[in-house]
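Here are some notes to read with the model open beside you. Take the points in order and find each residue as you go.

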Amino acid sequence: MTLHWSCQCQDGKARAGTLHTAHGDVATPVFMPVGTAGTVKGMTADAVRATGANIVLGNTYHLMLRPGAERVGRLGGLHKMMDWHGPILTDSGGFQVMSLSQLRKLDKDGVTFQSHINGEKFRLTPERSIEIQHLLDADITMCFDECTPFPATHEVAGKSMRLSMDWAARSRAAFVARPGYGLFGIQQGSVFEDLRAESARALTEIGFEGYAIGGLAVGEGQAEMFRTLDFSVPMLPETHPRYLMGVGTPSDLIGAVMRGVDMFDCVIPTRSGRTGRAYTSHGVVNIRNARHAEDTGSLDPECDCPACTRHSLGYLQHLFKAGEMLGPILLTWHNIRYYQRLMARLRQAILDGRLAEEAAALEAGWRKPEETPV
Ligand SMILES: [Zn+2]
């Protein structure tokens with residue numbers, strides 16, 4: 001049987017479900033930590049598992065440049081390389097090509113670009129992106145698409161979306177079906193309702209194992225993102241998982257879950273952890289803030305991670321000030337654990353039919369005195 005999703009319970013538009021993959025089941029809504037170059041930065045696979053995460057994301061763009069997709073295949077695939085035996089989702093490379101590579105040249109067939117590492121020339125087409133994701137052994141493969149810039153006019157967004165829909169059909173044709181593996185289509189159309197509808201119709205006609213919402217969290221702001229989700233999410237099939245790509249802050253996740261999104265990925269918890277920003281039950285904590293220098297208290301008294309249960313705020317600040325690698329490791333661990341606990345709480349609240357109350361309680365907690373709002 002191919003990869004599929006089953007719904008256990010609905011509360012308003014929010015859904016609690018289970019994603020069934022070749023490498024195990026995943027409870028949704030779910031947050032997937034980002035393992036860009038075959039590693040969730042600073043974390044062993046055991047540490048990632050200990051946070052409660054059971055699906056991670058890998059990046060086609062980074063892995064095709066280094067060590068190369070064929071080499072990952074010869075090394076046994078991404079699961080074996082990473083010692084990660086749970087499900088893996090890989091992106092298609094389209095977003096990173098647009099944001100990281102140099103001298104890109106886009107045509108109807110694909111995109112040619114130079115590596116940001118050494119200037120070496122590469123070409124990505126829908127067929128090659130799907131082939132790479134197969135070599136990586138991704139449980140969930142994403143269609144190759146063009147990342148529409150923001151802001152974009154209706155005309156530019158429409159043209160870009162139609163190119164992505166053409167590439168979605170080619171991605172579907174190139175995908176090799178295997179039991180427990182699946183291909184997700186990506187809805188585009190920027191913030192325009194008619195384009196989102198046209199995109200959803202095109203994708204549904206092709207048929208995918210899941211549907212992603214692309215082209216958001218690219219600078220439009222939370223209010224505009226939520227406004228776009230309000231009309232975009234209901235356009236996607238109710239029977240399939242819905243994945244909001246590259247989102248977001250805890251507040252973004254709550255708002256999107258309430259609008260019917262099931263899956264998320266974002267570099268925010270890991271990147272913030274490396275720079276000394278922690279997401280906690282009482283808001284965002286900047287570990288370098290002078291007030292924490294001799295604080296013997298815990299980063300987050302509600303959290304059960306090693307940073308919070310075994311160390312003081314004062315010690316965590318010392319690690320960052322001294323440039324010790326353990327500081328970023330502990331804060332990354334904490335942030336991923338925070339995101340996992342957040343999603344587990346939202347899921348339980350959906351099952352109990354009290355998501356609105358839970359969301360209000362979480363948001364009230366962040367308003368307690370701290371340095372910056374979430
Ligand atoms: Zn913690």
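**Notes on the fold**

1. Strand β11 (residues 140-142) and strand β12 (residues 182-187) run parallel and are joined by 3 bridges. Across this pair, M142 stands opposite F184 in β12. Please keep in mind that this is a predicted model.

2. Now step back to the whole sheet. It is an open sheet of 9 strands with parallel pairing, in the order β4-β15-β14-β13-β12-β11-β7-β6-β5. Which strands stand at the edges? They are β4 (30-32) and β5 (34-35); each has a single partner strand, so one side of each is left without a neighbour in the sheet.

3. Next, the domains. The domain assignment divides the chain into domain 1 (4-266) and domain 2 (273-363). Their contact takes 25 residues from domain 1 and 21 residues from domain 2. On the side of domain 1 that touches domain 2, the elements giving two or more residues are β1 (4-11), β2 (14-21), β4, α1 (45-50) and α10 (250-258). Of these, α10 gives the most, with 5 residues. Taken over C-alpha atoms, the centres of domain 1 and domain 2 are separated by 27 Å.

4. Look inside for the nonpolar core. The largest one has 107 residues, and M32, V56, F184, L244 and F264 have the most contacts inside it. Helix α14 supplies the largest share of this core, 12 residues. In soluble globular proteins, nonpolar side chains tend to be buried together.

5. Leaving out residues up to four places away in sequence, F184 touches I140, M142, C143, F208, E209, G210, Y211, A212 and Y243.

6. How many residues of α14 are buried? The number is 20 of the 26, so this helix is largely enclosed by the rest of the structure. Just after α14, G353 takes a positive phi of about 70°.

7. Finally, turn to a site that comes from a record. An unreviewed UniProt entry lists C303, C305, C308 and H334 under "binding site". These residues span 32 residues in sequence, yet no two of their C-alpha atoms are more than 8.0 Å apart, so they gather at one spot.

8. C305 is found in the loop between β17 (283-286) and α12 (306-310), while H334 lies in helix α14. Are they buried or exposed? C305 is buried, with 24 other C-beta atoms within 10 Å, and H334 is buried, with 27 other C-beta atoms within 10 Å; the cut-off for buried is 20 or more. Not counting residues up to four places away in sequence, C305 touches W333, H334 and R337.

Notes:
Residues are numbered from 1 along each chain as its sequence is written. This is a predicted model: local features need pLDDT of at least 70, side-chain atom pairs count only at pLDDT 80 or more; totals for chains, interfaces and linings use all residues. A residue is buried if 20 or more other C-beta atoms lie within 10 Å of its own, exposed if 12 or fewer, and partly exposed in between; C-beta atoms are placed from the backbone. Helices (H or I, at least four residues) and strands (E, at least two) are DSSP runs, numbered from the N terminus. Two strands pair if DSSP finds at least two bridges between them. UniProt positions are given in the numbering used here, feature names are shortened, and annotations may be inferred rather than shown by experiment. Two residues are in contact if their C-beta atoms, placed from the backbone, lie within 7 Å. A nonpolar core is a set of buried Ala, Val, Leu, Ile, Met, Phe, Trp, Tyr and Cys residues joined through C-beta atoms within 7 Å. Domain bounds come from an automatic or database domain assignment.
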